[in-house]
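Subject: Structure handover

Hello,

Here is the structure I promised to pass on. Please open it alongside this note, and my findings follow below.

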Amino acid sequence: MNAAVVWFAESDDDRARARTLAIPTVETVPDTGFYLQSRDAGLTLCNADAARRDRGLRLDLCDGEVERRAAGGRRSPLARAIGLQRRPGQRVLDATCGLGRDSATLAAIGCRVSALERSPLLYALLEDARRRAAIDPPAWLAHWPTLVHADATAWLARVDPGAFDVVYIDPMFEAPRRKARPQKALDWLHRLLGADTDAAHLLAAARVVAGRRCVIKQHARAEPLAPADLSFGSKSVRYDVYLIPNRDHYSASNDFR
Ligand SMILES: C[S@@+](CC[C@H](N)C(=O)[O-])C[C@H]1O[C@@H](n2cnc3c(N)ncnc32)[C@H](O)[C@@H]1O
């Protein structure tokens with residue numbers, strides 16, 4: 001069963017945000033389990049059971065990571081999977097925004113990004129990170145104007161086909177078995193959210209709406225969700241591309257130019 005989270009709400013603003021997202025509030029710091037707390041540095045996900053130095057997780061979209069990831073520009077596997085070399089400025093729906101790193105990277109390499117996130121916890125952290133980023137906004141933030149709290153499969157059912165050029169999906173798969181300790185953020189998210197076992201339904205809904213293609217991010221050696229038309233990868237990650245018939249005509253020579 002997934003772990004639960006509560007909000008240690010110390011202000012009316014905290015309580016209002018928690019109520020909107022249906023996150024239960026508490027009035028004292030819990031002595032066990034996960035909780036959200038507004039701190040000077042931003043909204044923080046805390047784990048009362050973790051070692052003291054390891055207790056907090058905050059999203060920071062301005063720590064240089066986005067620029068590092070965007071450095072590969074339009075030749076990176078992500079950009080090639082999106083098809084950016086042929087069509088700059090594509091309208092991309094990031095259907096699984098998560099920690100927001102891919103949304104921000106897509107905006108930084110020249111896409112116009114809208115993002116969806118269904119977890120109230122992740123949505124609260126993302127909204128807070130975007131609010132802090134907007135104080136001294138990096139250029140890419142203007143290309144990612146929209147974040148919606150919604151389940152993408154249900155949301156896409158109400159959207160006209162062609163409303164986005166690309167639907168991008170990065171579901172949480174089962175935790176890979178590996179010897180190294182997983183990153184704290186991924187470990188905690190696995191414990192709080194579990195795996196996104198409905199990703200195939202999301203892909204089906206995305207294929208109805210995407211104007212040109214759907215892209216699914218996977219571990220490099222994972223089985224594809226469905227047979228893909230194209231794949232672009234690096235050592236650890238693979239992007240499977242599903243072209244929309246009669247809408248996206250792929251040309252290998254264009255992609256590798
Ligand atoms: C692996 S994380 C995505 C990480 C993200 N690409 C990043 O760069 O930080 C998967 C996220 O997708 C969200 N998610 C999964 N299925 C979803 C759906 N159908 N609608 C909206 N969000 C979904 C999960 O709640 C989770 O936060």
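This is a predicted model: local features need pLDDT of at least 70, side-chain atom pairs count only at pLDDT 80 or more; totals for chains, interfaces and linings use all residues.

A polar backbone atom of R118 is 3.2 Å from a nitrogen atom of the ligand. Residues are numbered from 1 along each chain as its sequence is written, and side-chain values use heavy atoms, without hydrogens and water.

**Ligand surroundings**

E117 places a polar side-chain atom 2.7 Å from a ligand oxygen atom. D170 has a side-chain N or O atom 2.7 Å from a ligand nitrogen atom. There are 21 residues around the ligand (a heavy atom within 4 Å of it). Those that come nearest are L99, D102, E117, A152 and D170.

The UniProt record, an unreviewed entry, has a "binding site" annotation. UniProt positions are given in the numbering used here, feature names are shortened, and annotations may be inferred rather than shown by experiment. Of these residues, D102 is included in the lining of the second largest pocket. Pockets come from a 1 Å grid over the protein atoms alone: a pocket is an open set of points with protein on both sides within 12 Å along at least five of seven lines, where a 1.4 Å probe fits, and lining residues have an atom within 4 Å of a point.

**Helix 4**

R101 and D102 both belong here. R101 lies in helix 4, residues 101–108, and D102 is in helix 4 too. Helices (H or I, at least four residues) and strands (E, at least two) are DSSP runs, numbered from the N terminus.

Are they buried or exposed? R101 is partly exposed, at 29% relative accessible area. D102 is buried, at 7%. The cut-offs: buried is under 20% relative accessible area, exposed is over 50%, and partly exposed is in between (1.4 Å probe, protein chains only).

Now their contacts (heavy atoms within 4.5 Å). Not counting residues up to four places away in sequence, R101 touches R69 and Q183. With neighbours within four places left aside, D102 is in contact with R69, D94, Y168, D170 and K217. The D102 side chain makes a polar contact with the side chain of Y168, at 2.9 Å.

Helix 4 is mostly covered, with six of its eight residues buried. They are D102, S103, A104, T105, L106 and A107. Their cover includes helix 2 (65–70), helix 3 (77–82), strand 6 (91–94), strand 7 (112–117), strand 9 (164–169) and strand 10 (210–219). After helix 4 comes G110, with a positive phi near 110°.

**Helix 1**

Helix 1 spans residues 12–20, and D14, R17 and A18 are buried in it. They share one side of helix 1, because they cover an arc of only 100° around the axis. The arc is that of the directions from the helix axis to the C-beta atoms. D12, R19 and T20 are exposed on the other side. The buried residues pack against strand 1 (5–8), strand 2 (25–26), strand 3 (34–39), strand 4 (42–47) and helix 5 (120–133).

A22 deserves a look. A22 lies in the loop between helix 1 and strand 2. A22 is exposed, at 66% relative accessibility. Its phi is positive, about 55°, although A22 is not a glycine. Most residues other than glycine have a negative phi.

**Two more residues**

L189 sits in helix 7, residues 184–193. L189 is buried, with a relative accessible area of 6%. Leaving aside neighbours within four places in sequence, L189 is in contact with L99, L122, M172 and G194.

D136 lies in the loop between helix 5 and strand 8 (146–149). D136 is exposed, at 66% relative accessible area. D136 and C62 are 74 residues apart in sequence, and their C-alpha atoms are 9.3 Å apart in space.

Best wishes

Technical notes: A polar contact is a pair of N or O atoms within 3.5 Å; within protein, one must be able to donate a hydrogen and the other to accept it, and residues adjacent in sequence count only if both atoms are side-chain atoms.
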